[in-house]
Amino acid sequence: MKTTEQSYRSRHERVTAYLHANLENDIGIEELSEVACLSSYHWHRIYTAMSGETVANTLRRLRLQRAADRLANSDMEIAKIAALAQYGSQDAFSRAFKEAYNDSPAAYRQRGSHAAFKAANAKADAQGFKVSVEHLNAVRCISVPHAGPYLQIDAAMGQLFGTLAQAELLGPQTQMQAIFYDDPDLVAENQLRSAACTPCSDDTEIPSGTKELLRPAGSYAKLEYTGAYADMKDAYRWLYGVWLPQSGYDISDRPGFESYLNSPVDTKPADLRSNIYLPIEVAS
């Protein structure tokens, strides 16, 4: 039989998954309450306590994140991006976007954190960003698999951290990481494989609803990245397409991963800090 906390975690996971699947639709609190099978009054208070933000803030953050991805990585018209983000007018979308990303949508498209990597890619400038090479030992992790767009892995991240909290394994030093198995330029978005994970000790019991994952030992090129998650595609293209060919290293068949140094729940997108780890080996 589920405990009350387990029941609430299960409801929270259902609602989180529903939010991600319906970001481009009009979503009301009553609708989410039906997904959670609780009254709207009680459910909203529970959601806010468990998520650290209100449902409205979650929806706004995720919709603007998807909009930032489209601005940085597509030629979609801003009016259409605004409509898909559920804003009634382009002006309302522009105000909300500028508040979150410190720039208008048009300016962000031209000079977001992706712009510097685009310029370095165009110039084949391998020295434009600092990359260090580190050897990392194998690490045992607790993980939650994710299938689909990499930008939506925070649904799996929420499930992972909810489970860790329930198992009393969540603390101030808990690391937030993600492992990525496929190339998003080659694999269809809905077929991309990844996993939200956090390192754990050898004697830690893997909680129910999660999986044990071993991050393999080896050398990694580390790029310290600051900016919105939606802008990372060009950082990866620079690492793979510009830095790697001039580095003297070969790509390894181990998966790459990201380590997140702060949280999008309480950090502006422009101030998000991440380390991108590219698996490498000495060229033969």
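## Basis of the model

Because the model is predicted, local features need pLDDT of at least 70 and side-chain atom pairs count only at pLDDT 80 or more, while totals for chains, interfaces and linings use all residues. Residues are numbered from 1 along each chain as its sequence is written, and side-chain values use heavy atoms, with hydrogens and water left out.

## Aromatic pairs

Rings of Phe, Tyr and Trp (for Trp, its six-membered ring) count as a pair if their centres lie within 6.5 Å; planes under 30 degrees apart are termed stacked, those over 60 edge-to-face, and the rest tilted. By this rule there are 15 aromatic pairs. One of them joins Phe-93 and Phe-97: the ring centres are 5.8 Å apart and the planes stand at 45°, so the pair is tilted. Both residues belong to helix H6 (residues 90-101), where they are 4 residues apart, about one turn of the helix. Helices (H or I, at least four residues) and strands (E, at least two) are DSSP runs, numbered from the N terminus. Phe-93 has 0% relative accessibility and counts as buried; Phe-97 is buried, also at 0%. Here buried means under 20% relative accessible area, exposed over 50%, and partly exposed in between (1.4 Å probe, protein chains only).

Phe-117 and Trp-238 have ring centres 6.2 Å apart and planes at 65°, so this pair is edge-to-face. It links distant parts of the chain, with Phe-117 in helix H8 (residues 113-123) and Trp-238 in helix H10 (residues 232-243), 121 residues apart. Phe-117 and Trp-238 are both buried. Ring pairs also connect Tyr-87, Phe-93, Phe-97, Tyr-101 and Tyr-108 into a cluster.

## Charges over rings

A charge sits over a ring if NZ of Lys or CZ of Arg is within 6 Å of the ring centre and within 35 degrees of the ring normal. The charged end of Arg-215 sits over the ring of Phe-257, 4.2 Å from its centre. That of Arg-254 sits over the ring of Tyr-220, at 4.7 Å from the centre.

A cavity is a set of points, on a 1 Å grid over the protein atoms alone, where a 1.4 Å probe fits but cannot get out; its lining residues have an atom within 4 Å of a point. Grid points are joined across faces, edges and corners, and a volume is the space filled by probe spheres set on the points. The structure holds 1 cavity of 30 Å³ or more, and the largest cavity contains about 40 Å³ of space.

Its lining includes Leu-23, Glu-24, Arg-63 and Arg-66. Helix H4 (55-73) and helix H5 (78-84) each supply at least two lining residues, and H4 gives the most, with 4 residues.

## Strand S4 and its partners

Strand S4 (residues 193-199) is mostly covered, with 5 of its 7 residues buried. Two strands pair if DSSP finds at least two bridges between them. Strand S2 (residues 139-147) runs antiparallel to S4 and is joined to it by 7 bridges; strand S3 (residues 176-180) pairs with S4 in the antiparallel sense over 4 bridges. Ala-196 of S4 is the bridge partner of Val-144 and of Ala-178.

Gly-209 lies in the loop between S4 and strand S5 (211-215). At 52% relative accessibility, Gly-209 counts as exposed.

Note on methods. 1 Å grid on protein atoms, 1.4 Å probe; cavity = no way out; pocket = protein on both sides within 12 Å on 5 of 7 lines; lining within 4 Å.
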